[in-house]
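Please keep the sequence and the coordinates at hand while reading.

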Amino acid sequence: MNNQINKLNQDFALSLNIQPDLLPLNYLPKLSLGSASCRLFRGDNAVVLKHLVEQNEEFDFCYIDPPYNTRNKFIYDDLRVSKGHSIWGSHAQWIEFMAERLIPLHKILKKNGIIAISIDDYEQPYLRVLLDKIFGENNFIACIAVCRSKNGKGSKPGISTNHEYVVLYGKSSDSKLVGVREACDASYDKKDIYGHFKVNGLFRKKGDGSRREDRPTMYYPLYFDKQGNVYTENLSGDLKSAYPIDSKGIERRWLWGRDKASQESWKLYASPNGVIYVKNYFTEGKRVKPKSLWIDNRYLTERATNQIKEIFGSKIFDTPKPIDLIEDIIDCCCDNNAKIIDVFAGSGTTAHAAHNLNVRDGGNRTVVLVEQEQKIASSHEAFAFGYKTIADITEDRLKRLSTNDNSFCYEVL
Ligand SMILES: C[S@@+](CC[C@H](N)C(=O)[O-])C[C@H]1O[C@@H](n2cnc3c(N)ncnc32)[C@H](O)[C@@H]1O
């Protein structure tokens with residue numbers, strides 16, 4: 001299957017006039033791959049990726065935040081608009097640029113690896129088509145909408161856009177999200193001696209095989225009191241009874257047999273009108289399926305800008321991501337020993353986020369960053385702060401991280 005995808009990717013690359021195996025290596029004749037837990041490669045990511053493919057480096061998770069093709073004048077170039085009339089229209093140049101990087105990124109992901117890509121409305125549909133081709137339509141996981149500002153872009157006609165996306169694909173059907181840590185929030189509105197719980201799952205079986213005749217031994221009476229406690233015997237004689245009968249009067253069955261229900265009746269809860277639920281207890285570190293809409297003040301652009309000001313003393317990078325957003329993406333996509341790569345590193349947020357997570361959960365995540373040595377214009381704020389290239393900014397973030405915490409080690413290659 002993977003060979004098939006690699007062959008398709010090769011054909012696809014050639015159809016876009018990209019020759020991934022013939023990318024020039026002349027200005028990085030020999031690339032040392034290093035061994036620190038955080039490695040920064042200074043240079044063009046297409047070239048670095050070629051080296052990583054050749055050296056068979058493999059990663060569990062890739063996060064990238066590529067230029068969105070906004071036509072804005074940022075610290076980096078963000079104008080890749082084609083004048084030609086290919087089927088991709090004005091998006092052809094951006095697509096070629098991305099395909100040249102996504103094809104090797106696909107190669108260096110482990111079989112159960114996941115890629116997450118930040119993008120906005122302009123290139124999101126084209127990115128999806130590209131990823132369908134390179135990763136396979138079946139390996140699409142999600143397109144998460146993230147609220148990035150409260151008021152949106154007022155300058156745009158028609159609508160004030162205040163969200164962007166994180167598109168997730170797996171390398172294969174083995175690629176599974178770890179899920180998000182659940183907080184003990186207001187939804188855990190009940191409590192007993194075992195802890196906080198909510199009731200969101202019926203004890204009556206639904207769907208196929210749920211009728212009484214399907215499992216006759218799982219149709220039996222339960223008894224409950226005013227406090228919601230459930231019993232399999234009416235020992236006191238004054239309990240009410242409940243049967244697995246649905247709202248249409250159809251006799252169904254319970255989820256468990258009588259013996260298990262008797263031993264674990266403390267896990268059951270009865271509503272005042274006799275609907276029986278399985279208690280859903282909160283446990284520390286419990287993970288649940290992420291939602292496709294992420295709204296949190298911690299994800300706002302203004303938050304990322306403030307973080308850049310706090311770290312560097314000024315807004316020396318135009319389009320940073322909030323650390324919390326990247327922490328949550330990493331935490332949701334891979335385990336705490338993951339090998340992570342970000343080839344559009346910018347101000348280095350991915351390394352910062354992975355380090356914060358390691359400190360918090362004792363993990364051993366390692367990170368590879370790639371950032372280009374594009375010269376910074378003398379008119380840019382960063383230039384006034386002494387940064388000559390964008391990779392200088394990335395490197396300085398790593399230096400500051402290691403100064404603040406000597407458990408953070410990095411290497412520049
Ligand atoms: C949107 S920014 C990433 C911001 C980053 N997520 C952060 O939080 O700071 C995209 C970055 O990709 C870098 N970049 C663009 N083309 C590149 C290339 N060919 N090789 C390496 N880096 C590149 C740009 O210089 C820019 O810093």
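**Sheets, helices and a pocket**

Strand β12 and strand β13 (residues 276-281) run antiparallel and are joined by three bridges. Strands (E, at least two residues) and helices (H or I, at least four residues) are DSSP runs numbered from the N terminus, and two strands pair if DSSP finds at least two bridges between them. Within this pair, Leu268 stands opposite Val278 in β13.

The model is predicted, and local features need pLDDT of at least 70, side-chain atom pairs count only at pLDDT 80 or more, while totals for chains, interfaces and linings use all residues. Residues are numbered from 1 along each chain as its sequence is written, and side-chain values use heavy atoms, with hydrogens and water left out.

The pair β12 and β13 belongs to an open sheet of four strands with antiparallel pairing, in the order β7-β8-β13-β12. β7 (190-192) and β12 (268-270) are the edge strands, each with a single partner strand, so one side of each has no neighbour in the sheet. On average, neighbouring strands of this sheet are turned by 50 degrees against each other, direction ignored; axes are lines fitted to C-alpha atoms, for helices over the stretch in contact, and angles run from 0 to 180 degrees between N-to-C directions.

A further open sheet has nine strands and mixed pairing, in the order β15-β4-β5-β3-β2-β16-β17-β1-β18. Its edges are β15 and β18 (410-412), each with a single partner strand, so one side of each is left without a neighbour in the sheet.

Cys143 has Val167 as its bridge partner in β5.

Further along the order, strand β2 (residues 59-64) pairs with strand β16 (residues 339-342) in the parallel sense over two bridges. Parallel pairing also links β16 to strand β17 (residues 366-371), over four bridges. Ile341 in β16 stands opposite Cys62 and opposite Val368 in β17. From β16 the chain passes through helix α8 (residues 349-361) to β17, and this β-α-β crossover is right-handed: with the strands pointing away from the viewer, the path from the first strand over the helix to the second runs clockwise.

α7 lies across β2, β3 (109-119), β4, β5, β15 and β16, and runs at about 150 degrees to β2. α8 packs on the sheet, touching β1 (38-42), β2, β16 and β17, and its direction makes about 170 degrees with that of β17. Contact here means heavy atoms within 4.5 Å.

Which elements each supply at least two residues of the lining of the second largest pocket? They are β6 (180-181), β15 (293-294), α7 (323-333) and α8, with α8 giving the largest share, three residues. The second largest pocket holds about 500 Å³ of space. Of its 16 lining residues, the closest to the centre are Val180, Arg181, Trp294, Tyr299 and Asp328. A pocket is an open set of points on a 1 Å grid over the protein atoms alone, where a 1.4 Å probe fits, with protein on both sides within 12 Å along at least five of seven lines; lining residues have an atom within 4 Å of a point.

Technical notes
Grid points are joined across faces, edges and corners, and a volume is the space filled by probe spheres set on the points.
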